[in-house]
Amino acid sequence: QVQLVESGGGLVQPGGSLSLSCVASGSILSITTLAWYRQAPGKQREAVATPGRGGSTIYADAVKGRFTISRDSAKNTMYLQMNSLKPEDTAVYYCKELRTDSWGQGTQVTVSS
């Protein structure tokens, strides 16, 4: 089993920044199989940043140029740096391990003035 714990969410004003963390533990082989998803109120869960080929990252069109992921293998941690936040970024953000289809509990991000 893989356990995932997200943190770093909160309330931020439009235009602000937040950094989310996802710490993986358990039967995790590589943090390169971790991805970020989000679910806004009344909407389906959607991919935000997922692993692409050759170590690349696929970003959702809505976040391209504003969100960036990074990874620290020594800490089994993946980060999501979110800049220029918009009210439409308000959602619960989840970390997912793609190999085992494991999810974290999510962390709430609210963008509001």
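## What the words mean

A residue counts as buried when its relative accessible area is under 20%, as exposed when that area is over 50%, and as partly exposed in between, using a 1.4 Å probe and protein chains only. By that rule D89 is buried, with a relative accessible area of 0%.

This is a predicted model, where local features need pLDDT of at least 70, side-chain atom pairs count only at pLDDT 80 or more, and totals for chains, interfaces and linings use all residues. Residues are numbered from 1 along each chain as its sequence is written, and side-chain values use heavy atoms, leaving out hydrogens and water.

## Salt bridges around D89

The structure holds 5 salt bridges, each defined as a side-chain nitrogen of Lys or Arg within 4 Å of a carboxyl oxygen of Asp or Glu. In one of them, R38 meets D89 at 3.0 Å, N to O. Strand β4 (residues 34-39) carries R38, while D89 sits in the loop between β8 (77-82) and β9 (91-97), so this pair ties together parts that are 51 residues apart in sequence. Strands here are DSSP runs (E, at least two residues), numbered from the N terminus.

R66 also forms a salt bridge with D89, at 2.7 Å, N to O. R66 lies in the loop between β6 (57-59) and β7 (67-72), so its pairing with D89 ties together parts 23 residues apart in sequence. R66 is buried, with a relative accessible area of 10%.

## Another pair, and a network

D101 and K96 join in a salt bridge of 3.0 Å, N to O. D101 is partly exposed at 47% relative accessible area, whereas K96 is buried at 13%. Elsewhere, salt bridges with shared partners link R38, E46, R66 and D89 into one network.

Definitions and conventions
Helices (H or I, at least four residues) and strands (E, at least two) are DSSP runs, numbered from the N terminus.
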